[in-house]
Amino acid sequence: MALPTVEELAQQLAAVSGATEVTPDAPIQHIADVDSLDLMEWLYNFQNEHPDIPADESLFADLDDTTTMQDVHKKLMELVPQPAER
């Protein structure tokens, strides 16, 4: 299964948190209604939907005032297993 787009990830976080809007470029810590429990619930759902991508709570280990869903998406792209070369 392919990695969702950053817009899809933002929509999933909005759905989990109840936030009215989560934009990919908004700093996560400044989004109203999004807290650390929401991030862990979003991660849990992501892990269940994408067991082939080894994502864990380290995605948010260096979360600061500037971290966005774009940053999270980049980290996830680095975790996507690459096809073996022949």
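**Close-up views of an aromatic cluster**

**View 1. Trp-42 and Phe-60 are both buried.** The model shown is predicted. Trp-42 has a relative accessible area of 1%. Its partner Phe-60 forms an edge-to-face aromatic pair with Trp-42. The ring centres lie 6.1 Å apart, with 70° between the planes. This pair links distant parts of the chain. Trp-42 sits in helix H2, while Phe-60 sits in the loop between H2 and helix H3 (69-79). The two residues are 18 apart.

**View 2. The structure holds 2 aromatic pairs, and the rings of Trp-42 and Phe-46 form a stacked one.** Their centres are 5.6 Å apart and their planes meet at 25°, which is under the 30 degrees that counts as stacked. Both residues belong to helix H2 (residues 36-49). They are 4 residues apart, so about one helical turn separates them. Phe-46 is buried, with a relative accessible area of 1%.

**View 3. Ring pairs join three residues into a cluster.** Its members are Trp-42, Phe-46 and Phe-60. Trp-42 pairs with Phe-46 and also with Phe-60.

View 4. Along the sequence the pattern reads α-α-α. The radius of gyration is 13 Å, close to the 12 Å given by the globule rule for 86 residues, so the chain is as compact as a globular protein of that length. The C-alpha trace spans about 50 × 20 × 20 Å along its principal axes. Buried residues make up 36% of the 86 residues. The chain exposes about 5500 Å², and carbon and sulfur atoms supply 51% of that area.

Key:
Residues are numbered from 1 along each chain as its sequence is written. This is a predicted model: local features need pLDDT of at least 70, side-chain atom pairs count only at pLDDT 80 or more; totals for chains, interfaces and linings use all residues. Side-chain values use heavy atoms; hydrogens and water are left out. The radius of gyration is taken over C-alpha atoms; the globule rule is 2.2 Å times the number of residues to the power 0.38. Buried means under 20% relative accessible area, exposed over 50%, partly exposed in between (1.4 Å probe, protein chains only). Accessible areas come from the Shrake-Rupley method with a 1.4 Å probe; for residues, only the protein chains shown count as cover. Rings of Phe, Tyr and Trp (its six-membered ring) pair if their centres lie within 6.5 Å; planes under 30 degrees apart count as stacked, over 60 as edge-to-face and the rest as tilted.
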